[in-house]
Amino acid sequence: MTVTWTPQPPTSWVANLNGQPVCILKGKDIGGWTATWMGDRLWQPPAHMPRATPQPMSFFSTLEDAKAAVEQALAT
């Protein structure tokens, strides 16, 4: 499994898994980043909201946190 990152100016990054786009990270005007899966993958609800429905989008405070979460999710 190889995850590569492609910048999409001005404030987006695309995660590619074995050459296929799987997730897009977008910078927000108010700060932070959203990570949205392309396809059927969903983010699990946060631990403090165990009854929440899994969603295709999740919010992260930094680009590094978002990239790390995507790579961790793809590794499982």
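**Stop one: the helix**

Select residues 63-75, helix α1: at 1.5 Å a residue its 13 residues should span 18 Å, and its end C-alpha atoms are 18 Å apart, so the two agree. The expected span is 1.5 Å times one less than the number of residues. Helices are DSSP runs of H or I, at least four residues, and strands are runs of E, at least two, numbered from the N terminus.

Before going on: this is a predicted model, where local features need pLDDT of at least 70, side-chain atom pairs count only at pLDDT 80 or more, and totals for chains, interfaces and linings use all residues. Residues are numbered from 1 along each chain as its sequence is written, and side-chain values use heavy atoms, leaving out hydrogens and water.

Now pick Leu63, Ala66, Lys67, Ala69, Val70, Ala73 and Leu74, which are buried in α1 (under 20% relative accessible area, with exposed being over 50%; 1.4 Å probe, protein chains only). Look down the axis of α1: the buried residues fall within an arc of 160°, so they line one face (the arc is that of directions from the helix axis to the C-beta atoms). On the face turned away, find the exposed Glu64, Gln72 and Ala75.

**Stop two: the cover**

What lies over those buried residues? Select β1 (3-8), β2 (12-17), β3 (20-27), β4 (33-37) and β5 (57-60), which are among what covers them.

**Stop three: the whole chain**

Zoom out to 1 helix and 5 strands, running β-β-β-β-β-α along the sequence. The C-alpha atoms fill a box of roughly 35 × 30 × 20 Å along the principal axes.

Notes: Contact means heavy atoms within 4.5 Å.
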